[in-house]
Amino acid sequence: MRVFVTGVAGQLGHDVVNELISRGFEAVGTDLAPAYAGVQDGTAVTTAPYVSLDITDDAAVDRVIREAGVDAVIHCAAWTAVDKAEECEDLVRRINAGGTLSIARVCRSLDIPMMYFSTDYVFDGQGTRPWEPEDERHPLGAYGRTKAEGELAVISTLEKFFILRIAWVFGVNGKNFIRTMLRLAKTHDTLRVVNDQIGTPTYTCDLARLVVDMITTDKYGIYHVTNEGSYISWYDFACAIMKEGGASHVTVTPCTSEEYGAQAVRPYNSRMNRSRITEMGFTPLPTWEDALKRYVAVLRETGEI
């Protein structure tokens, strides 16, 4: 099986290519840069076939995917800067919705499956009930709106599709909350973190294993995928990070989202029901506590902490 992976310079795309190759599949990676621009960690993604591609260029998307001769597309590329999205929604829409539609159209023409990654931001974040895959979308801001439009582009174009809604992502290839907390711990004795946004983190290394399990099947549909474990706040997560990362000297202080004052509105309720994973015969991700422990171990091995 030969798979086309977009966004390989990001956290998820990096791990997906490595997982594909480690399991004997072929992978063609793509991103905006002329050459692979992700972390140079010596893994397979750094030497895998790579093609530069702007997913907002319809003609280029069609040509590059056809020339790659692939059996499936795993679409990891996206605009994910939530606050910045409020300032340039049209550009974000061209990437998250328009680029996704272009890829979906090629997949339909070639009769190959597509996997698209969405987000908890497609919901309005109200209540405490975990969101079901079939729940109605009510995004709060530009990022959520454009990702929801990407979902609809896939659903309206294809029959062979996977949509995986993920949240609170972290991985080795890029910036994330864990890295930010441990970096700030080197220069701060006290940190404020919101305690009224509730969800669960997603380790891209664990997610990549499920992604490859799924793409080799025809169990299409919408899934909610994060690491297992109890629902937590960002404050809870920060406390666990400090403990695991050896930064217990830092005092983490809870605050409300309003007190923190981010530019874009975040969903308060990011609880997502992950039960469809097991219902469809897949192995769920490990707990977020286990994922955090393994991720921090990687950061120690590389000398980052």
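Helix H1 gives the largest share of the lining of the second largest pocket, 5 residues. The model is predicted, and the values here are computed from it. Helix H1 covers residues 11–22, and helix H7 (204–215) and helix H11 (288–301) join it as elements that each supply at least two residues of this lining.

The second largest pocket holds about 280 Å³ of space. Its lining is made of 17 residues, and those closest to the pocket centre are His14, Asp15, Asp41, Val172 and Val298. Sorted by class, the lining has 7 nonpolar, 5 polar and 5 charged residues.

Rolling a probe the size of a water molecule over the atoms shows where empty space is left. In this structure there is 1 cavity of 30 Å³ or more. The volume of the largest cavity is about 50 Å³.

Which residues line the largest cavity? They are Val82, Glu86, Tyr121, Leu140, Gly141, Ala142, Tyr143, Gly144, Ala264 and Val265. Helix H5, residues 142–157, gives the largest share of this lining, 3 residues. By class, the lining of the largest cavity has 7 nonpolar, 2 polar and 1 charged.

Note on methods: Residues are numbered from 1 along each chain as its sequence is written. This is a predicted model: local features need pLDDT of at least 70, side-chain atom pairs count only at pLDDT 80 or more; totals for chains, interfaces and linings use all residues. Side-chain values use heavy atoms; hydrogens and water are left out. On a 1 Å grid over the protein atoms alone, a cavity is a set of points where a 1.4 Å probe fits but cannot get out, and a pocket is an open set with protein on both sides within 12 Å along at least five of seven lines; lining residues have an atom within 4 Å of a point. Grid points are joined across faces, edges and corners, and a volume is the space filled by probe spheres set on the points. Helices (H or I, at least four residues) and strands (E, at least two) are DSSP runs, numbered from the N terminus. Ala, Val, Leu, Ile, Met, Phe, Trp, Tyr, Cys and Pro count as nonpolar, Asp, Glu, Lys and Arg as charged, and the others, Gly among them, as polar.
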